[in-house]
Structure formats: C-alpha cells, structure tokens
Amino acid sequence: MFLENNLSSSKLGGCIEVVTGSMFSGKTEELIRRIRRAEIAKQNVGIYKPKIDKRYSENDVVSHDSKIVSAIPVQSAKDIIELAKDNEVVGIDEAQFFDDDLVDVCNYLANNGKRVIVAALDMDFAGKPFGPLPQLMSIAEYVTKVHAICMQCGNLANYSHRLSDAQKLVILGEKDVYEPLCRSCFTKAIDDKNKEPKLFNQ
Ligand code: ZN
C-alpha cells in the first residue's frame with residue numbers, strides 16, 4: 001500500500017503520483033482512497049477524466065465497488081489547467097485516453113505546487129504501453145503498480161486480455177469484453193488466437 005509521505009505537499013512543492021495496472025486491478029479505488037484522505041485533510045481536491053469514458057454517469061468517478069466521487073469530464077488534457085487552478089490535489093482518472101499533452105499538463109500542475117494523482121491503464125489489449133503512460137511514469141515521483149487476479153490461474157495479473165477479436169484500440173465496457181491475465185496465460189491466449197483458423201480474409 002502507498003503511504004502518503006506528505007499529505008500537504010502543496011506547502012512543500014508539488015509532485016506526481018501514478019497508479020497503474022490492468023483492468024480490475026483497483027486503480028480507481030486507489031485514486032479515490034487518496035483523494036478521500038486529502039479531503040479529510042481539508043485540501044481542495046478535483047478529479048478530471050477524459051470525455052470518452054461514458055461507461056457510467058457523466059460526472060462521477062465510479063469505482064467497481066460503487067464508491068462515488070464527482071469527476072469533471074474534459075475534452076483535452078489542457079482544459080485541466082484552468083479547471084484545477086484552485087485545487088491543491090488534482091486527480092486524473094482513465095488517463096490513458098488523453099494524448100501526450102497530459103505529460104506537460106501534469107508537470108505544469110506539479111511545478112505549481114499541486115499534488116497530481118494519475119490513475120490509468122499501463123497497457124492496451126495487445127500488451128503495448130498505453131498512450132502517455134510511459135512518459136508519465138518517467139516523470140512521476142511515485143509509481144504504484146496494482147494488479148488484478150488472473151482469471152485462468154489465480155496468479156497476479158497485469159494484462160487486460162480482450163475476449164473478442166476486435167482490433168480497435170478503445171472498446172469501453174468491462175466484464176464481457178476483457179479479462180485480467182498473468183503473463184504466461186496472456187501469452188498462451190494470444191498464441192491460441194493466432195492458431196485459430198481464419199474464416200474471413202486476414
Ligand atoms: Zn495466469
């Protein structure tokens with residue numbers, strides 16, 4: 001578990017924290033936990049997320065155990081700078097869907113004394129680094145990798161295996177579309193998929 005080394009980091013300078021992992025790894029729960037603790041410390045907090053994520057309601061960050069914290073959907077990462085100007089703690093959920101501008105935005109916010117907490121998928125369905133995550137993990141002071149449980153063998157899982165054959169990068173929705181797998185089960189699943197006879201042209 002991540003222990004905040006200093007809740008009132010705004011008095012001492014900002015920082016960037018990244019909470020990342022596969023689907024069902026508890027990223028949003030961990031973001032909410034940190035935000036709630038900042039609220040208890042009477043800090044001005046804000047949560048932002050990309051407009052693309054409409055799985056649940058428009059304005060809430062809803063974790064899978066349904067603890068609700070309000071979030072503001074934004075069109076682009078740069079919008080956060082103006083919206084977060086009074087925040088001491090800035091949460092950013094589903095950050096993998098933002099473009100690389102998010103890296104500069106997080107640096108700007110942290111350089112201006114804010115504690116920035118980013119929750120995001122680290123890899124896409126193909127096991128490739130997702131969007132701005134590699135850069136965000138580089139510039140962050142703290143990176144926390146959280147894990148799901150492999151649906152095949154019960155080990156720790158760090159891959160989000162897509163159950164369908166669709167190749168689109170962004171498919172929202174969860175349980176019916178993705179399953180968390182460990183490295184060896186993910187590799188096997190991808191191999192098996194490649195061996196399947198193709199009914200349509202490749
Ligand atoms: Zn496994």
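Mentor: Let's take the labels one at a time and set each value against its definition.

Mentor: First, the ground rules: this is a predicted model, where local features need pLDDT of at least 70 and side-chain atom pairs count only at pLDDT 80 or more, while totals for chains, interfaces and linings use all residues. Residues are numbered from 1 along each chain as its sequence is written, and side-chain values use heavy atoms, with hydrogens and water left out.

Trainee: What makes Cys150, Cys153, Cys182 and Cys185 the ones that coordinate the zinc ion?

Mentor: Donors are N, O and S atoms within 2.8 Å of the metal (3.2 Å for Na, K and Ca), and since water is not among the atoms, sites may look incomplete. The SG atoms of these cysteines sit at 2.3 to 2.4 Å from the zinc ion, so they meet the 2.8 Å limit. Along the chain, the donors are spaced C-x2-C-x28-C-x2-C.

Trainee: And why is the site of the zinc ion called tetrahedral?

Mentor: Four donors count as tetrahedral if all angles lie between 85 and 135 degrees; four count as square planar and six as octahedral if opposite donors are over 155 degrees apart and all others between 65 and 115, and anything else is irregular. Here the angles among the four donor atoms are 102 to 118°, so the tetrahedral label applies.

Trainee: What do Cys150 and Cys185 tie together?

Mentor: Parts that are 35 residues apart in sequence, because Cys150 lies in the loop between strand S9 (148-149) and strand S10 (156-157), and Cys185 in helix H5 (183-195). Helices (H or I, at least four residues) and strands (E, at least two) are DSSP runs, numbered from the N terminus. The protein comes to five helices and 12 strands.

Trainee: How do you know whether Cys150 is buried or exposed?

Mentor: Buried means under 20% relative accessible area, exposed over 50%, and partly exposed in between (1.4 Å probe, protein chains only). Cys150 has 4%, so it is buried. Cys185, at 15%, also counts as buried. Phe24, in the loop between S1 and helix H1 (27-40), has 26% and is therefore partly exposed. Its phi is positive, about 65°, although Phe24 is not a glycine.

Trainee: What about Glu94?

Mentor: Glu94 lies in the loop between S6 and H3 and has 12% relative accessibility, so it counts as buried. Its phi, near 55°, is positive too, in a residue other than glycine.

Trainee: What makes a set of residues a nonpolar core?

Mentor: They must be buried Ala, Val, Leu, Ile, Met, Phe, Trp, Tyr or Cys residues joined through side-chain atoms within 4.5 Å. The largest one here has 23 residues, and those with the most contacts inside it include Ile80, Phe98 and Cys106. H3 gives the largest share, six residues. Cys106 has a relative accessible area of 0%, so it passes the burial test.

Trainee: Which residues does Phe98 contact, leaving aside its neighbours within four places in sequence?

Mentor: Contact means heavy atoms within 4.5 Å. On that basis Phe98 is in contact with Lys49, Pro50, Val74, Ser76, Ala77, Ile80, Ile92 and Pro132.
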